[in-house]
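Visitor: I'm new to this one, so please give me a close look at a single part, and help me get my bearings on the way.

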Amino acid sequence: MTMDPAASLAIKVQGVTKSFLGQRVLDDVDFEVARGEVHGLVGKNGAGKSTFMKILSGAQPPDSGEIVVGGKAFKALNPIEGRAAGIAIVYQNPELHLDLSVAANIFLGAEPRKGFGIIDDRAMESRATELLARLGLSLPVRTRLGELDIAERQQVAIAKAVREQAHVLLLDEPTAALNKAQADFLFRLIRDLAKQGMAIVYVSHHLDEVLSISDRITILRNGRKVAVVDGRSSDKDGLISMIVGRSLDAVEPQREARASGAPFLNLAGVSREGRLDDVSLSVNKGEIVGLTGLVGGGANALAAVIAGLDHRQVSGSMTLGGEAYAPRAVRESIGRGVLFIPEDMRGRGLVMSLSIAKNISLAALKSLASMGWLNLGKETSVATEMAERLDLNPRAPSREVRFLSGGNQRKALLGRAIFADGQLFVLEEPTQGVDVESQRQIHDHLRLLASKGATVIFVSTDLEELIALADRILVLRGGRIEQELSPDGLDPEHLLAAIQTQSTRSVN
Amino acid sequence: MTSPAATVTQPTASKPNFVRSLGLGRFTLLIVLLLIVVVTAIGNPRFLSINNLLNILFQVSTLGIVAAGQTILLITAGLDLSVGAALSVAGLATALTVMSTGSLALGIGAGVASGIVIGAVNGMLIATNRATPFIITLGTMTLLQGIAILMSGGSPINGAGALFNVFGMGDFLRVPWPVYAMLLSIVAVFLVLRFTTLGRYAFAIGGNEEAARLSGIPVRRIKIALYALNGLFVGIAGVILTGILNSGLPSMGTGYELRAIAAVVIGGTPLIGGRGTVWGTLGGVLLLGLVSNSMNLLGVGANFQSAVLGLIITAAVLLQKKA
């Protein structure tokens, strides 16, 4: 499509820069979307997509740069200003009120009144019906939102955005939880909205979808805008090579061949209702296995089952070290030497109000106690030793973990798992949000653990990480292991192409 | 499409916090305590007499025991509103048992045991339900108040004279026995929190329950144990208060829950859990005791006392260092 003059721009972003903890996540990004345009935004994990979306929606202020929307220039938006300027964001799990009706959700904060502040339900419902009909949606306006499925909730969120007279709609991974029919319906809705003049920013890992729906596509890599391409005339391979880029600074050392030991973990026909479908897998002592795939493909679900986090509705059998392994609780798997390190450090990993030492000792506190009484001196010395081993900075075991950088927080979590005498480490995104130096260190520690006979299984969406760290890469899709790849000689583009291979959902 | 008028005002940064700008930090409580002592001592020299100071300690002793237990629960990001009513039940159990069996030991056992059982039941309800501790213990509080009334038949249960001789009248080196009991409770809670796995688990659960679970901590069992431990302190306070009052009353524990929680929060343990000290709680208990006592000595009318106490509690909480 040809660019119209600036007057037709719905939103224009100039020179947006943002850093976290000294790490630059967005670097001088320019971005613009015309009225009536569907604009795809793609990039690897960590490329800066989600930060950029947060800045567009006003959830975070940029360090510098400018956002021009609705004819006004902003140094930073807050969410209220963003909404007032006509920007609406719909997440994959829309932020709506489950106990309110569809109509009440659409009109939340702008309910028609009868006077005396009383809400005019009938007017609200008829206006909601009218609005939904105009969008080609058939949703019962009086139904409680909680009774609708994810796709329908998303439609309500979009209707709400239209009601708010949004003229820029940000969609963040909108199809992650949808089936094909639901996704197709969403694409039709998106096209209709665009025809009516709405500017749509479409963020997704599903490149096929992005290509088919977008007029133009902006590619982010390492916080920089790499290119803006025409959606109609681009193909997936071209997109993949721009997303991956040529990494000239290959900091990771070559993988060294490790003597792989005897089989340690064995899965036979493991299924998990709705998440995993007949997975069989054997992992040896000393082996590092990378799991990957698109969101919902099953990599995280498999890690959760192996780590003993998810045991209901699981069928099939597992053995660990030759003995049956069917953990019913996390502490059973820890007892068997299986240690899980979650991606969400703050929410699920660390106890922020406690010190480094107390976080490291947490999963094996009993080894520091006799009759329930702790040996605090031993705890301090163990933690100091672990901090040195992991290059944890600062090496002050009494320091609260909340003061540590992301990289050091991840090391503290790894320290906890090592101290708990882990034989099998199950990690999710082990280096997400971590600086390059810490990433290299964490990879080195995992290799060292493997070389000493431990087994490592990690879930990652970071292509370079998968290739550098794993001995074997398993691509999951639809809850099945779809492909097994050797990282030797594998380049990131092929890996991304393997992840992107669409068998379960194709776009018209 | 036209956009509604958008104002270009910048969002204000965090409001300047006058309180924080005072920079008193962790010593706030100590400074407030000293201020009260100085003002009262100037207004009434009798305030600083040994007898009066011992009297203050005596008056806050049962509150101190209950607050010591409550500290553990707030650290787990929980709380127990039923402690006042449970204290009444424990006191009545003591008085009734002594009255009917004549055995002091059985009476003390009944009081302490009922406290532990009530605590364990609260813990089980909290550990196995989604409802918050606030709502669950609000329910058990009302239930226990009803049970206390049924137990007493609406009138005081007398006849625990031997208990009265110890806790109401007895002392050692001029210090009343209940004061020793309070200090022992505080020290016990300190030891549990700092030196035992149970105490550490309390901090971990309060700081991040999911992280605690993923670290293999049996969160439910630990919660039940901690609520039962809190119940132990409530039971002890019930026995002692029965001695002090020389009888069991269905209303003897009324108001303990809120004063205990106030003391813990004044002492710097946040309601969101994950951190806190029992020494802070002791400070909070002393603050409450000192304020009541100084108001009496300064001749503040009874009608004003509750309002003044409320003001001071609010001020003390606002002055706390932000976590």
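**Getting in close**

Guide: Chain B has a mean pLDDT of 87, with 90% of its residues at 70 or more; pLDDT is the predictor's confidence in each residue, from 0 to 100. Residues 1-24 of chain B are another story: their pLDDT is below 50, and beyond near neighbours in sequence the stretch has 22 contacts in the model. A contact here means two residues whose C-beta atoms, placed from the backbone, lie within 7 Å. Where pLDDT is low, the predicted coordinates should not be read in detail. This is a predicted model, in which local features need pLDDT of at least 70 and side-chain atom pairs count only at pLDDT 80 or more, while totals for chains, interfaces and linings use all residues. Residues are numbered from 1 along each chain as its sequence is written, and chains are lettered from A and ligands numbered from 1 in the order in which they are written. The model scores ipTM 0.85 and pTM 0.79.

Let's settle on a sheet in chain A. Six strands make up an open sheet, ordered β6-β9-β10-β3-β11-β12 (chain A), with mixed pairing. Helices (H or I, at least four residues) and strands (E, at least two) are DSSP runs numbered from the N terminus, and two strands pair if DSSP finds at least two bridges between them. Strands of a sheet pair through backbone hydrogen bonds, either parallel or antiparallel.

Now for the edges. β6 (87-90) and β12 (224-230) of chain A each have a single partner strand, so each is left with one side that has no neighbour in the sheet. From one strand to the next, the twist averages 20°.

Helix α5 (residues 150-163) of chain A touches β6 and β9 of chain A, and its direction makes about 175° with that of β6(A). Such angles run from 0 to 180 degrees between N-to-C directions, and axes are lines fitted to C-alpha atoms, for helices over the stretch in contact. Helix α8 (residues 236-244) of chain A packs against β3 (38-42), β11 (216-221) and β12 of chain A, with its direction at about 30° to that of β11(A).

For a bit of context, chain A has another sheet to look at. Four strands form an open, antiparallel sheet in the order β14-β13-β16-β17 (chain A). Its edges are β14 (276-284) and β17 (323-324) of chain A, each with a single partner strand, so one side of each lacks a neighbour in the sheet. Six bridges link β13 (residues 263-272) of chain A to β14(A) in the antiparallel sense, and N266(A) has S282(A) as its bridge partner in β14(A).

Finally, step back to where the chains meet. The contact takes 34 residues from chain A and 24 residues from chain B. On the chain A side, β5 (72-74), α2 (79-84), α10 (330-335), α11 (345-349) and β20 (373-374) of chain A give two or more residues each. That side divides into 17 nonpolar, 10 polar and seven charged residues; Ala, Val, Leu, Ile, Met, Phe, Trp, Tyr, Cys and Pro count as nonpolar, Asp, Glu, Lys and Arg as charged, and the others, Gly among them, as polar.
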